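Reader: Hello! I would enjoy a close look at a single part of this structure, with cut-offs spelled out as you go.

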Protein chains: 2
Amino acid sequence: MAKSVTLPPIVMPTREEITVEGVLRALADPVRLAIVRQLAASGTEVSCGALTVPVTKSTITHHLSILRQAGVVAGRQEGTTRFNSLRRNDLDALFPGLLDGVLAAQR
Amino acid sequence: MAKSVTLPPIVMPTREEITVEGVLRALADPVRLAIVRQLAASGTEVSCGALTVPVTKSTITHHLSILRQAGVVAGRQEGTTRFNSLRRNDLDALFPGLLDGVLAAQR
DNA sequence: CGACAATTTCGATCGGCGTCGTACAATGAG
DNA sequence: CTCATTGTACGACGCCGATCGAAATTGTCG
């Protein structure tokens, strides 16, 4: 029957919908900051399980959801795996220097 | 007896003590973001009472305390008035582009 | 089909933070 | 000295969010 509609559609704001406060709130957490740093370091897509942060998988899911809703990361589904990547282009276009400033800081 | 030790010494981290996460947490609040924007717009020192944000004076004091502890603003006492200013130099030196990126955003 | 792997969802808990009102301290003017 | 001004300290309250464990969903492999 057509399809069991249970797939979460991966909500993601358009570039215009991203707000600086949302981005700041998303980045203002040590775990999420670590996630963003790992995504930036890898330079490519990273699966949820490949992230090394000191929290449970379910908590990682929660943080990724927040990062996605804030427009910081993009998600792509492939099989049972979800690949995440930084929305560098959009962020740099909207808030030039912000992401670089955050990533450049080692403390 | 000597002196009634009641003057709060205005704690303020040195440049080396400022962390990016602390700054992000400090900026991740609409009221504090508005305060920072007003300080940046004025370009100079602003007294606590001259800030126009939709909260009580005591709440403003609280937010300014957080911004000060995070190293985002500097405070200078003069009589009963406390002048606050943005620590642009330090922030730009530590996280180049961060503050500009935040301030440039209109959303 | 059945077992396993990758993630999400759900419900619950628990601490932290933003907010307020009031009381209090410090300073300057009359 | 008294009073007004400016700001802080303190206690309280309510809410949001970070965290976890367990169960459910989906896809892959044998």
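What follows is my request and one connected reply.

Author: Happy to walk through it with you. This is a predicted model in which local features need pLDDT of at least 70, side-chain atom pairs count only at pLDDT 80 or more, and totals for chains, interfaces and linings use all residues. Residues are numbered from 1 along each chain as its sequence is written, chains are lettered from A and ligands numbered from 1 in the order in which they are written, and side-chain values use heavy atoms, with hydrogens and water left out.

Let us start where the two chains meet. The crossing is right-handed, the term for a near helix turned clockwise from the far one by less than a right angle, with anticlockwise giving left-handed. On the α1(A) side, A:Val20, A:Glu21, A:Leu24 and A:Arg25 take part, and they meet B:Pro30, B:Leu33 and B:Arg37 of α2(B); contact means heavy atoms within 4.5 Å. By class, this contact has 4 nonpolar, no polar and 3 charged residues. Here Ala, Val, Leu, Ile, Met, Phe, Trp, Tyr, Cys and Pro count as nonpolar, Asp, Glu, Lys and Arg as charged, and the others, Gly among them, as polar.

Now for α2(B) itself. The 13 residues of α2(B) should span 18 Å at 1.5 Å a residue, and the end C-alpha atoms are 18 Å apart, which agrees; the expected span is 1.5 Å times one less than the number of residues. Buried along α2(B) are B:Val31, B:Arg32, B:Leu33, B:Ile35, B:Val36 and B:Leu39, where buried means under 20% relative accessible area, exposed over 50% and partly exposed in between, with a 1.4 Å probe and protein chains only. An α-helix has 3.6 residues a turn, so residues three or four places apart point the same way. At the start of α2(B), a side-chain oxygen of B:Asp29 comes within 2.9 Å of the backbone nitrogen of B:Val31. Just after α2(B), B:Gly43 has a positive phi of about 75°.

Chain A has its own α2, residues 30–42, with 13 residues reaching 18 Å from first C-alpha to last. A:Val31, A:Arg32, A:Leu33, A:Ile35, A:Val36 and A:Leu39 are buried in α2(A). A:Asp29 caps the N-terminal end of α2(A), with a side-chain oxygen 2.9 Å from the backbone nitrogen of A:Val31. A:His63, in helix α3 (residues 57–69) of chain A, touches A:Asp29, A:Val31, A:Arg32 and A:Ile35, not counting residues up to four places away in sequence. A:His63 is buried, because its relative accessible area is 8%.

After α2(A) comes A:Gly43, with a positive phi near 75°. A:Gly43 sits in the loop between α2 and β1 (46–47) of chain A and counts as exposed because its relative accessible area is 64%. A:Gly43 and A:Leu86 are 43 residues apart in sequence, yet 8.1 Å apart in space, C-alpha to C-alpha.

Conventions: Helices (H or I, at least four residues) and strands (E, at least two) are DSSP runs, numbered from the N terminus. A polar contact is a pair of N or O atoms within 3.5 Å; within protein, one must be able to donate a hydrogen and the other to accept it, and residues adjacent in sequence count only if both atoms are side-chain atoms.
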